[in-house]
Amino acid sequence: MADGALRSLRFRKEREESWRRLEELLARVERRSATSLSDEDMLAIPSLYRAALSSLSVARATSLDAALIEYLEALCARAYFFVYGARTSLLERVGSFFVRDWPQAVRELWRETLVALLLMIVGVFVGYMLVANDPDWFRAFVPEGAIGDPMASREALNESLHAPIDGPNGLSVFATFLFTHNAQVALLAFALGFALCVPTAMLLISTGISLGAIFALFVSRGLGLEIAGWIFIHGVTELFAICLAGAAGFRIGWSIAFPGALSRMAAAARAGRLGGVVMIGVVVMLFFAGLLEGFGRQLIVLDWVRGAIALTSATVWGVYFYLFGRSKSVG
């Protein structure tokens, strides 16, 4: 035991100066940033890191004391993340996500997004035609208390589109409820994609059918433009987000069904990484849609202003996703 302690002490004395130097440089970076180091210090860290790794290897091979080995392991781990890790701040990483990663991921899913949109449009057409020919279908697609009543007059329906919710607390609660509900729909559209896309397709069609049923009722009372403004002031963002969530679900389901050269697990994991990027952005979109639906739609009662906001939203999202952040694909 005395011989082992002596060897550890001699080993430490021979190399401790370089370890302390490396520890001091890493501590300076962790307290401030890499910009606090000189060019000489920046060049010294990799060589000091390699020397520490060599010391750790020798310490393990010669069974030196455990405390020394633990110290070197911790020091090497800190140095590893500096030498090989991505040295970007949280603000830079968030900026990179919104400027490049998210739009790239959405463009990667353009085929699936188009399929999701077409399925929703099919649902709108089916719901519209059924209710237009038989209003009794309305309650089969739209729950009571949501919006509209097949027995209501034109005046009553028009008032329901323009009557604000009383009080700021009521608006905030309403916005929170809508965000939560829409997030659940979007997450389901994404999560159910693994079942070979079928549940996701059914959910998108069902969403479209409900929308078509609402349009059919209000159009029959001559309130087509009014209901369009009421829905699309937030619906452009909300429905696009749901389509993107469905597209991410489709990519996973398709990858499982047709993995190509990859194994099914590897193909699903690859699709899941891409879908995860999209879904982070979908939550952001649904947050804004909830604000527009809970506050904007209730506070803004002019139909032309609602329509202008809807058109602006469509333009902004289209330009952002399909013109910005063009570089290497995420998938």
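**A walk through the helices**

L196 sits in the loop between α8 and α9, the latter being residues 198–220. What is the phi of L196? It is near 55°, a positive value in a residue other than glycine. C197 is found in the loop between α8 and α9 too, and it has a positive phi of about 75° although it is not a glycine. For context, most residues other than glycine have a negative phi. Is C197 buried or exposed? It counts as buried, because its relative accessibility is 13% and the cut-off for buried is under 20%.

Before I go further, a word on what you're looking at: this is a predicted model. The protein chain averages a pLDDT of 86, and 89% of the residues score at least 70. Which element has the lowest mean pLDDT? That's helix α8, residues 168–191, with a mean of 70, while α5 has the highest, at 97.

Now the overall layout. The secondary structure of the protein chain comes to 12 helices and zero strands. If you read the elements from the N terminus on, you get α-α-α-α-α-α-α-α-α-α-α-α. The chain has 331 residues, and 40% of them count as buried.

Let's go to α5, then. Helix α5 covers residues 110–133. Its 24 residues should span 34 Å at 1.5 Å a residue, and the end C-alpha atoms are 35 Å apart, which agrees. Which residues of α5 are buried? They are E112, T113, A116, M120, G123, G127 and V131.

There's also a nonpolar patch on the surface to look at. W110, L114, L117, L118 and I121 form that patch, with about 470 Å² of accessible area together. Take L118 as one of them: its place is in α5, and it counts as partly exposed because its relative accessibility is 46%.

The side chains of R251 and E112 meet in a salt bridge, 2.7 Å from N to O. R251 lies in helix α10 (residues 224–257) and E112 in helix α5, so the pair ties together parts that are 139 residues apart in sequence. What about burial? R251 counts as buried at 17% relative accessibility, and E112 is buried as well, with a relative accessible area of 13%.

Salt bridges that share partners also join R12, E16, R20 and E23 into one network. In total, the structure holds 11 salt bridges.

The side chains of R20 and E16 meet in a salt bridge, 3.0 Å from N to O. Both lie in helix α1 (residues 2–31), four residues apart, about one turn of the helix. R20 forms a salt bridge with E23 as well, with the closest N and O atoms 3.2 Å apart. How far apart are E23 and R20 in helix α1? Three residues, so they are separated by about one helical turn. The general rule here is that an α-helix has 3.6 residues a turn, so residues three or four places apart point the same way.

And how covered are these side chains? R20 is partly exposed, with a relative accessible area of 42%. E16 is partly exposed too, at 23%, and E23 counts as partly exposed at 24%.

Last stop is α12, residues 303–323. At 1.5 Å a residue, its 21 residues should span 30 Å, and its end C-alpha atoms are 30 Å apart, which agrees. Which residues of α12 are buried? R306, A310, S313, W317, Y320 and F321. They cover an arc of only 110° around the axis, which puts them on the same side of α12.

Key
Residues are numbered from 1 along each chain as its sequence is written. This is a predicted model: local features need pLDDT of at least 70, side-chain atom pairs count only at pLDDT 80 or more; totals for chains, interfaces and linings use all residues. Side-chain values use heavy atoms; hydrogens and water are left out. Patches are made of residues with over 30% relative accessible area and no salt bridge: like charges are joined within 9 Å, nonpolar side chains (Val, Leu, Ile, Met, Phe, Trp, Tyr) within 5 Å. Accessible areas come from the Shrake-Rupley method with a 1.4 Å probe; for residues, only the protein chains shown count as cover. A salt bridge is a side-chain nitrogen of Lys or Arg within 4 Å of a carboxyl oxygen of Asp or Glu. Helices (H or I, at least four residues) and strands (E, at least two) are DSSP runs, numbered from the N terminus. Buried means under 20% relative accessible area, exposed over 50%, partly exposed in between (1.4 Å probe, protein chains only). pLDDT is the predictor's confidence in each residue, from 0 to 100. The expected span of a helix is 1.5 Å times one less than its number of residues. The arc is that of the directions from the helix axis to the C-beta atoms.
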